[in-house]
Amino acid sequence: MTAASSPSFPTTPPATEPALRLMPMPADLNSAGDVFGGWVMAMVDIAGALPAIRRARSHVVTMAVNSFVFKQPISVGDVVSFHADVVAVGKSSITVDVHVFAERHPADPVVVKVTEARMTYVAVDREGCKRVVGPESTSPPGGERPPADKELVLRVVPMPADLNPSGDVFGGWIMSMVDIAGAVPAIRVARSKVATVAVDSFVFKQPVSMGDIVSFHAEVVRVGRTSITVDVEVYAERHPEDPVVVKVTEARLTYVAVDEFRTKRTIGAG
Ligand SMILES: CC(=O)SCCNC(=O)CCNC(=O)[C@H](O)C(C)(C)COP(=O)(O)OP(=O)(O)OC[C@H]1O[C@@H](n2cnc3c(N)ncnc32)[C@H](O)[C@@H]1OP(=O)(O)O
């Protein structure tokens with residue numbers, strides 16, 4: 001691949017899996033009540049780095065923001081998908097287009113394009129010195145495969161603030177992300193807000209480490225009168241030089257459909 005041409009961004013989400021998929025929280029809002037632009041910029045930077053790391057098979061540093069356009073605001077409750085594609089590879093640099101879509105209004109879901117950006121990263125060795133990007137590897141990551149019948153609902157990269165004193169990712173972080181992940185399909189089925197009523201089972205099978213790309217796959221396994229039970233499986237992709245995927249957590253949670261007064265409501269009843 002040679003130098004990147006002018007950005008040409010899609011207006012609808014591509015069929016490929018997103019690099020990141022997140023649900024912003026109230027702490028991510030600005031004073032106007034929309035998601036803070038700095039949050040979007042930070043997530044675009046992380047999302048763009050992921051295919052760059054895979055292509056480089058090493059760590060990368062962000063060299064430049066070539067273009068960045070906020071097309072629509074993002075709101076709390078949106079499920080935000082960051083799609084990222086390598087568009088050019090130089091001697092040590094990798095240019096990535098990131099296009100961001102928000103799914104909103106669970107009662108009548110719509111997907112809107114919210115941001116598009118072009119970012120350039122430089123491959124670095126363990127000492128932080130730039131290195132030449134080698135030939136592309138076409139082999140997929142080794143290890144386990146996420147189940148085809150469970151939807152990828154969230155994909156997140158934990159940060160140093162999410163670590164416990166042992167240096168692994170804090171179990172509470174994983175539990176909160178599983179809770180959010182399970183709520184995504186539950187909200188779609190309920191077509192309203194939901195409240196978590198129970199964690200039916202939760203098993204930490206492997207630790208999650210800094211640098212892992214953590215994917216949350218979920219499937220609705222039961223719909224009752226007011227409740228929705230969801231299975232969530234969590235996989236971590238690690239070791240960018242020789243990527244491998246491991247299953248780290250599995251859980252079952254139950255949510256209850258609630259109205260605007262937080263009172264339970266019958267699913268499917270208006
Ligand atoms: C998004 C968040 O808010 S997460 C924050 C943490 N969660 C909360 O704050 C929720 C606090 N809990 C509540 O507000 C209430 O318990 C509600 C609104 C969720 C439910 O109201 P309740 O009157 O307690 O509900 P009730 O006992 O009738 O159970 C409702 C449904 O949940 C199911 N349920 C209740 N307890 C459990 C349990 N331990 N395990 C599995 N399912 C359960 C019931 O079987 C019932 O399902 P169905 O209607 O499909 O047959």
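What follows is a short chat about the ligand, some rings and a handful of single residues.

Q: What kind of model is this?
A: This is a predicted model.

Q: Good to know. How many residues surround the ligand, and which are the closest?
A: The ligand has 13 residues around it, and the closest are T196, R225, T226, S227 and K264.

Q: What does R225 do there in terms of atoms and distance?
A: In R225 a backbone N or O atom sits 2.8 Å from an oxygen atom of the ligand.

Q: And which atoms of T226 and S227 come in?
A: For T226, a polar side-chain atom is 2.5 Å from a ligand oxygen. For S227, an N or O atom in the side chain lies 2.6 Å from an oxygen atom of the ligand.

Q: How much of the ligand does the protein bury?
A: The protein buries 47% of the 1000 Å² that the ligand exposes when taken alone.

Q: Which elements give two or more residues to that shell?
A: Those are β8 (193–204) and β11 (244–258). The largest share comes from β8, with six residues.

Q: Which residues does A195 touch, leaving aside its neighbours in sequence?
A: Beyond four places in sequence, A195 is in contact with T254, Y255, V256 and V258.

Q: Are F68 and F70 buried or partly exposed?
A: F68 counts as partly exposed at 23% relative accessibility, and F70 counts as partly exposed at 43%.

Q: What about F202 and F204?
A: F202 and F204 also form a tilted aromatic pair, 5.0 Å centre to centre with 50° between the planes. F204 is partly exposed, with a relative accessible area of 41%.

Q: New topic: where does M119 sit?
A: M119 lies in strand β5, which covers residues 110–124. M119 is buried, because its relative accessible area is 2%.

Q: What does M119 touch?
A: Not counting residues up to four places away in sequence, its contacts include V44, D45, T62, A64 and I94.

Q: Where is E237, and is it buried or exposed?
A: E237 is in strand β10, residues 227–238, and counts as buried at 15% relative accessibility.

Q: Which side chain does E237 make a polar contact with?
A: The partner is the side chain of R54, at 3.0 Å. Other residues that E237 touches include P141, G211, D212 and V244.

Q: What about the backbone of R57?
A: R57 has a positive phi of about 55° although R57 is not a glycine. R57 is found in the loop between α1 (37–56) and β2 (59–70), and at 23% relative accessibility R57 counts as partly exposed.

Q: And what is phi like in R191?
A: Phi of R191 is near 55°, a positive value in a residue other than glycine. R191 belongs to the loop between α2 (171–190) and β8, and R191 counts as partly exposed at 47% relative accessibility.

Q: Last one: where is G167, and how far is it from V208?
A: G167 is in the loop between β7 (151–156) and α2. G167 and V208 are 41 residues apart in sequence and 9.5 Å apart in space, C-alpha to C-alpha.

Methods:
Residues numbered from 1 in each chain as written. Predicted model: local features only at pLDDT ≥ 70, side-chain atom pairs only at ≥ 80, totals over all residues. Heavy atoms only, no water. Buried < 20%, exposed > 50% of the residue type's maximum accessible area, 1.4 Å probe, protein only. Phe/Tyr/Trp six-rings, centres within 6.5 Å; stacked < 30°, edge-to-face > 60°. Near = heavy atom within 4 Å. Polar contact = N/O pair within 3.5 Å; in protein donor to acceptor, adjacent residues only side chain to side chain. Areas by Shrake-Rupley, 256 points an atom, 1.4 Å probe, with all protein chains shown as cover. Helix = DSSP H or I, 4+ residues; strand = E, 2+ residues; numbered from the N terminus. Contact = heavy atoms within 4.5 Å.
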